[in-house]
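Hello,

Here is the structure I promised to pass on to you.

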Amino acid sequence: MVQTYLVSDYPDWEAIVQVGPGVAGVDILIGDEELIGHGVGPRVLARFAREIVFATPTTTAAVATVDEQNRRSWRAFEKAGFRYVRDIEEDGLPHRLMRLDR
């Protein structure tokens with residue numbers, strides 16, 4: 001499962017991540033455990049960002065928050081071109097804010 005949305009459509013979350021206008025959020029979930037650890041995440045993220053997220057000309061960047069303890073997930077975002085921005089707290093837990101600029 002992969003999805004995108006405008007961060008500005010969710011004011012409570014926008015207040016947490018503070019990324020500015022024209023930024024899309026991205027979420028990914030690989031439900032089939034057999035696919036974890038085989039490079040599916042980075043490939044899906046990179047292609048999804050390129051073909052879906054940035055298909056809208058006004059979208060300037062994509063962001064995601066990743067649980068700090070989920071090293072596989074934040075490495076997948078890095079491999080897809082996202083960069084670490086800063087640590088944030090979400091739902092009382094430490095997360096990494098990852099960003100991919102157009």
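Leaving aside its neighbours within four places in sequence, which residues is Thr59 in contact with? Before I answer, please keep in mind that this is a predicted model.

The contacts of Thr59 are Gly22, Ala24, Val53, Phe54 and Arg102, once the neighbours within four places in sequence are set aside. Thr59 itself sits in the loop that runs between helix 2 (40–51) and strand 3 (61–67). Although a loop residue, Thr59 counts as buried, with a relative accessibility of 5%.

Five strands make up an open sheet with mixed pairing, and their order is 1-2-3-5-4. At the edges are strand 1 (2–6) and strand 4 (83–90), each of which pairs on one side only. From one strand to the next, the twist averages 30°. Strand 3 pairs with strand 5 (residues 93–101) in the antiparallel sense, and seven bridges join the two. If you want a spot to start from when you trace that pairing, take Ala64, whose bridge partner in strand 5 is Met98. Helix 2 packs on this sheet, where it touches strand 1, strand 2 (23–28) and strand 5. The direction of helix 2 makes about 150° with that of strand 2.

Next, the charged side chains. As a reminder, side chains of opposite charge can pair when their charged atoms come close. The model has six salt bridges, and I will go through some of them here.

Arg96 is the residue I would look at for this part. One of its partners is Glu68, and the two side chains meet in a salt bridge with an N to O distance of 3.6 Å. Glu68 belongs to the loop between strand 3 and helix 3 (71–79) while Arg96 belongs to strand 5, so this pair ties together parts of the chain that lie 28 residues apart in sequence. Glu78 also forms a salt bridge with Arg96, and here the closest N and O atoms are 3.8 Å apart. That pair again links distant parts of the chain, with Glu78 in helix 3 and Arg96 in strand 5, 18 residues apart.

How exposed are these residues? Arg96 is buried, at a relative accessible area of 12%. Glu68 counts as partly exposed at 27% relative accessibility, and Glu78 counts as partly exposed too, at 26%. The salt bridges also build a network, in which Glu68, Arg75, Glu78 and Arg96 are linked.

Another salt bridge is found between Asp101 and Arg83, whose closest N and O atoms are 3.3 Å apart. Asp101 is part of strand 5 and Arg83 is part of strand 4, so the pair ties together parts that are 18 residues apart in sequence. Both ends count as partly exposed: Asp101 has a relative accessibility of 36%, and Arg83 has one of 42%.

Last, the aromatic rings. How many aromatic pairs are there? The count comes to three. In the pair made by Tyr5 and Trp13, the ring centres are 6.0 Å apart and the planes stand at 70°, so the pair is edge-to-face. Tyr5 counts as buried at 18% relative accessibility, and Trp13 is buried as well, with a relative accessible area of 14%. Phe77 and Phe82 form another edge-to-face pair, with 5.0 Å from centre to centre and 90° between the planes.

Enjoy looking through it, and do write back with any thoughts.

Best wishes

Definitions and conventions:
Residues numbered from 1 in each chain as written. Predicted model: local features only at pLDDT ≥ 70, side-chain atom pairs only at ≥ 80, totals over all residues. Heavy atoms only, no water. Phe/Tyr/Trp six-rings, centres within 6.5 Å; stacked < 30°, edge-to-face > 60°. Buried < 20%, exposed > 50% of the residue type's maximum accessible area, 1.4 Å probe, protein only. Helix = DSSP H or I, 4+ residues; strand = E, 2+ residues; numbered from the N terminus. Contact = heavy atoms within 4.5 Å. Pairing = 2+ DSSP bridges. Axes fitted to C-alpha atoms, helices over the stretch in contact; angles between N-to-C directions. Salt bridge = Lys/Arg side-chain N within 4 Å of Asp/Glu carboxyl O.
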